[in-house]
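Please look at the structure shown here before reading on. The report follows one stretch of the chain and then turns to what surrounds it.

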Amino acid sequence: MTHAMLKGSNVPLEATAVRAVLRWTPGPDIPDIDASALLLGADGRVRSDEDFVFYNQPRHPSGTVWRLGKKRLSDGVSDTLQTDLAGVDAAVHRILLVASADDVAFEGVQGLQILLYDTASADPEPLASFEVHPETGAETALICGELYRREETWKFRALGEGYSNGLQGLATDFGISVDESESEYEPPSAAHPEGPGPELPPPAQGTAPQPWTPPGARGVPAPPPPRHAPQPAYGYPQEPAPAAPYGYQQPPPAQVPQPAYGYPQPVVPAAEPHFKLPPQGPQFIGR
């Protein structure tokens, strides 16, 4: 039986592992949405940046929380998080389930909901469902719900709390240190066009997390710019500098700065208005 949740309501969980599925209806002007999770201690803050599971850090080092990724469904798009409740460290008291858009407000998002499934059950019906409605429409990040401990029992609470400063602002509020010097990159494709894929296996213990970067930094960083200007192809002759007329004394080499190898040599001004170049050396004769 599915519990249809109202904002602020909660339901106890008997499952040892759950899958939280964010779903929404795509459209031309609908932003792409990402699911993420924050593991909070007793003080309501993360213990370190490793407690933030999101698109650039999709697996927690403990192996108990990870992203399954996006799927394109017949009636929408989903992004999924899975949690092994039985294995979560005792120091973790709450796990926030978050939806965020890349600096685009949730005002136009249709059909946004979070569904909670028991991963060990063959029942296709979710344990709980909650339709998420932004309060102002200007939110760019929403805490859809939370998994939290009550003594030895885990519960799920429907929240729907919004942030207008996006995932970066939300993460900062819960103790994530954000490097604002990181540049933004083009996000990857929103969903798998081939349809739902197989469920991913649990992550290996000790997986090294990726550093947190601000929203939009989901792709692979662009290659660094060249460290020097491109050189002419090896083996091609450099453009010769005009020789001075006979009888004209060139300045000593020490007085003329020489450019780096591969760059054209400087042109020496002529002393007379009319003269002819001396014959070129064999190195400039075409073969």
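What follows describes a predicted model, starting from a strand and moving to a single side chain and then to a helix.

Strand 11 covers residues 141-150, and it is mostly covered, since eight of its 10 residues are buried. Strand 11 pairs with strand 8 in the antiparallel sense over seven bridges, and in this pairing Ala 99 stands opposite Leu 142 of strand 11. Strand 11 is also joined to strand 12 by nine bridges, and these two strands run antiparallel as well; here Ala 141 stands opposite Tyr 163 in strand 12. Strand 11 and strand 12 form a hairpin with two residues between the strands, in which Glu 151 takes a positive phi near 60°.

Within strand 11 lies Glu 146, which counts as buried because its relative accessible area is 3%, under the cut-off of 20%. The side chain of Glu 146 makes polar contacts with the side chains of two arginines, listed below.

| Side-chain pair | Polar contact |
|---|---|
| Glu 146 and Arg 94 | 2.7 Å |
| Glu 146 and Arg 157 | 2.4 Å |

Leaving aside residues up to four places away in sequence, Glu 146 touches several others, among them Ile 95, Leu 96, Lys 155, Phe 156 and Leu 159.

Strand 11 also takes part in covering the buried residues of helix 1, together with others including strand 4, strand 5, strand 8 and strand 12. Helix 1 spans residues 166-173, and its buried residues are Gly 166, Leu 167, Gly 169, Leu 170 and Ala 171. Just after helix 1, Gly 175 takes a positive phi of about 100°.

Note on methods. Residues are numbered from 1 along each chain as its sequence is written. This is a predicted model: local features need pLDDT of at least 70, side-chain atom pairs count only at pLDDT 80 or more; totals for chains, interfaces and linings use all residues. Side-chain values use heavy atoms; hydrogens and water are left out. Helices (H or I, at least four residues) and strands (E, at least two) are DSSP runs, numbered from the N terminus. Buried means under 20% relative accessible area, exposed over 50%, partly exposed in between (1.4 Å probe, protein chains only). A polar contact is a pair of N or O atoms within 3.5 Å; within protein, one must be able to donate a hydrogen and the other to accept it, and residues adjacent in sequence count only if both atoms are side-chain atoms. Contact means heavy atoms within 4.5 Å. Two strands pair if DSSP finds at least two bridges between them.
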